[in-house]
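Subject: Structure handover

Hello,

Here is the structure I promised to pass on. Please open it beside this note and follow along.

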Amino acid sequence: MVLLIALAGALGAVGTGFSSSQTSQNTESATASALLQHASAGRSGDSGYVVWQTPHATVTTASVKAEMSGLLGRIAQEPTVASVTSPYDAAGAAQVSSDHTVAYASVQFDHAATKEQQKSVKSLVLADDSAGVHVAVGGQAFGSEPAAGGPADAIGIVLAFVILVLVFRAVWVAVLPIITAIAGVGTAALTVMLLSHVVTIPSTALTLGALIGLGVGIDYALFIVNRHRGNLTAGMSVGDSIGASLNTSGRAVVFAGLTVVAALLGMTTLRLGVVTGMAEGAAVTVVLTVLAAVTLLPALLGFIGPKVLSRAQRRRLADPSSGGTERAGFWPRWATRVQARPRILAVAGLAVLIALAVPALSLRLGAADDGNLPTSSTNRQAYDLLSDGFGPGFNGPLQIAVQSHGKADQAAETRLVSALEHTSGIVSVTQRPVNAAQGVSEIVAVPSTSPEAAATSDLIDHLRADVIPQAEQGSTMKAYVGGTTANNDDFASTVTGKLPLFIAVITVLGLLLLVIAFRSLLIPLVGAVLNVLSIGVAFGATVLVFQNGFGVSLLGAGSGGPIESFVPPMIIGVVFGLSMDYLVFLVSRMREEWVRTGDNNRAVRVGHGETGRVIAVAAAIMFFVFGSFVFGGARVIAEFGVALSVGIVLDALLIRLVVVPALMHLFGRANWWMPRWLDRLLPSISVEGEIDSAPADAEVPPPAYAPVHGRP
C-alpha cells in the first residue's frame, strides 16, 4: 500500500511521457523524415483530414459548399489548429474527386496540440454529419489508441474468480491470487508511467502489461497457494506450511519469473525503441507480480489461516475419521495413462502442434492501415471515402525527400520526376519546394495500391533499387523514399532481419537457465524445441485470424491484413517465457521426486499427476484473461490476445501435460544426465528447495492421491 501511494504521488507530480513512434533510426525512411523535418525547421505538428461525401448532389453545390465552409471555418478557429486547407480555396483545388462527390480538407495542428484537443476538433466535425452530407475524419491526428484497463481487465478477473471457485471450492483460493495480481499490476502500471519519461514506451504497453500481469500474477500466486493447501492437508501448521511453500513453489515462481524477464529483455537486442519499451514495461510488470507473490501473498495467507482450505477439507483435517482422504482425481489417472502409452501420445501431440503451426509460414509483417478498422469507425469511413474518390494509394502516399545543389542536381531532380510519372504503379506525382536555401524539396508519389498491399512494398523496393539510382547518375543529388508507408515497410524489414538473433539469444538464455535448474541437458533441449512449436502455434492462430481474416470481423477488429511488425517479437518473448514457466513448475516437481527416489517413471508420473490440475487451471485462467482483451476493438491488443491465449493454452494442455511427460517416459534416466565436469562448472541453484533424498532401492510410500492396498 505504501508503494502504491508513493508511486501514485510521483505520477501526479510528473505525469506520463509515452511515445509511439515506430521509426527505425538506420533506415532510408528515417533519413527522409529527418531531412524534411530539419528543412521545415520542425514546425509541423500532427495532421489529419476531414472528408465528406454527397450521395445525392455534388460537393460543389452551393448549399454543401456553404455548410462545409462554415464547419472548416470553425475548425480553423480552434486554438491548437495551425491551418486548414479547404478544397474551396485555390490551394486545395485538387482536393475534389473527379466525379465531384467526395472532397477533403487538410487540418494541421501545431506542436502544442494535445490528444484531448484533437479529440475536441474530431467531435466538432462528427457533430456536423447529416443525411445530406456524410462527414468523416482520419489521419494521424484523429487516430485513437487503446486505453489500458477497463472492461477487458474486469472480465478477465471475473472469469478467473469463477474458475478458481469452481475448481478449488474455496473462496479464499480465488480471492488471494486475484488480490496479488491486482497489486502487482497496479504498482507496475504506475512504474511504467513514470519510466515513460526515461525510455521510449508506447501507451499500449499499459494494456499489454495488464494483460500479461494479470495472467502471470494469478498463476504465480495460485502455484504457491496450491502447495500451501497441500501442506496444510498433510498436517503442517499454517506458519510452517507458508515457509515450506515459499521454499518450494516460491522458489519455482521466482525462477519462472526470471525466465520470463530474461525472454522479454532479450528483445533489447533488436534495438527498436518501441519494441524495447514495450518489453521493458512488460518485464517490470512481471518483476512486481513476482514480488507481490512472495511478499504480499504469504502475509495474506498468514492472516486467513486454515480458511484457504475448503470446508470439507477443514472437516477432514479436524477429524480424519469423518471422510478419509480425497479420492484420486483426473490428473493422476491421466498421468498413469500417459505412462502406459507414451509413444502414441507423443507422436499424436507433435502432429497436432505442427499442423496448427503451419499457417505461421505465410506470416507477413507490416502495418494494418485504417482500411482494416471496423466499418463503424469514422477513420475507416474516411479511408474508404478517399479510396473511392482518389484511389486506394491516396491513403499512403510516398514522400520522397530530395536534396540537390546546382544545375546538374536540378536536372537530375527533373529526370526523377519524369521517371516517377512513367513508373508502373504510380498514379500521380507532385513536386513542391521545402527549403530553397538548403536545396531540399519533396516529391509526393501516390501509388495505385493501398498502403498495406504487398505491391506497394515492391514499388518502394523498385524505386530505391532502380528508378532513383538511375536519376541520380552524373549528379550529387540524393533522394530518399519516406512517408508513413515506407516507414512501416522499413520497420517490418528491420524486425524481420533481427528476429533470428533475438530467437537465438532467448533460446540460449533459456537453455542455460534450465540446465542450471534441472542439472540436465536433454530436458532443456526438448523444452527449447517445444517452445518453438508453441510460438509457431501462436503465430499460426494470429495469421489465420488477422492476416487471412477468418473470424476477424466477429472480434470487432476490422478485416484481414498484415500483422503489425512489433507484435511478433512481443509474442515470441512472452510465449517463450510463459512456456518456460509451465516447464519449470512441471519439471521442478518431477526433479523433486527424482532426487528423492531415483525412479524416472515414478518421478515423471508423480510430478505430472500432482501439478496437472494446477497447470490446467492456470492455463484456463491465462486463456480467459488474455482472451478478454480480444474484444476491446483495438487490433494490436486483439492480436496479442489471440496469439497468447491460443499459444499458452495449447502449450500447457498439449505440450506440458501430454508431450513432455510422454517423451520423458520414453527417454528414461537420460532425462537427468549431465557430464560431471559441466555439473561442477555450473552454479548450483535449487528451484525445488531442500529435498530429502532416498536411495533408489529404498521403499518409498506412494503419493497421497494413489490408494494402494486399501490405504492412502
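Below is what turned up, element by element.

This is a predicted model, where local features need pLDDT of at least 70, side-chain atom pairs count only at pLDDT 80 or more, and totals for chains, interfaces and linings use all residues. Residues are numbered from 1 along each chain as its sequence is written, and side-chain values use heavy atoms, with hydrogens and water left out.

Helices (H or I, at least four residues) and strands (E, at least two) are DSSP runs, numbered from the N terminus. Buried means under 20% relative accessible area, exposed means over 50%, and partly exposed is in between (1.4 Å probe, protein chains only).

Strands first. β1 covers residues 47-53 and pairs with β4 in the antiparallel sense, over five bridges. Strands count as paired if DSSP finds at least two bridges between them. Look at Tyr49: its bridge partner in β4 is Gly138. β4 itself spans residues 134-138, and four of its five residues are buried.

Next, helix α10, residues 296-304. Its buried residues are Leu297, Pro298, Leu300, Leu301 and Ile304. Seen down the axis of α10, they fall within an arc of 160°, so they line one face of the helix. That arc is taken from the directions from the helix axis to the C-beta atoms. Just after α10, Gly305 has a positive phi of about 60°.

Two arginines also have positive phi. Arg169 is at about 55°. Arg169 sits in the loop between α5 (151-168) and α6 (171-195). Arg519 has a phi near 50°. Its loop runs between α17 (484-518) and α18 (522-547). Which of them is buried, and which exposed? Arg169 counts as exposed, at 62% relative accessibility. Arg519 counts as buried, at 13%.

Now the surface. Val158, Phe161, Val162, Leu166, Val167 and Val171 make a nonpolar patch of about 480 Å². Helix α5 gives the most to the patch, with five residues. Val158 is in α5. Patch residues have over 30% relative accessible area and no salt bridge, and nonpolar side chains (Val, Leu, Ile, Met, Phe, Trp, Tyr) are joined within 5 Å, like charges within 9 Å. A salt bridge is a side-chain nitrogen of Lys or Arg within 4 Å of a carboxyl oxygen of Asp or Glu. Areas come from the Shrake-Rupley method with a 1.4 Å probe.

Last, a distance. Glu67 lies in helix α3, residues 62-76. Glu67 and Trp594 are 80 Å apart in space, C-alpha to C-alpha, and 527 residues apart in sequence.

Best wishes
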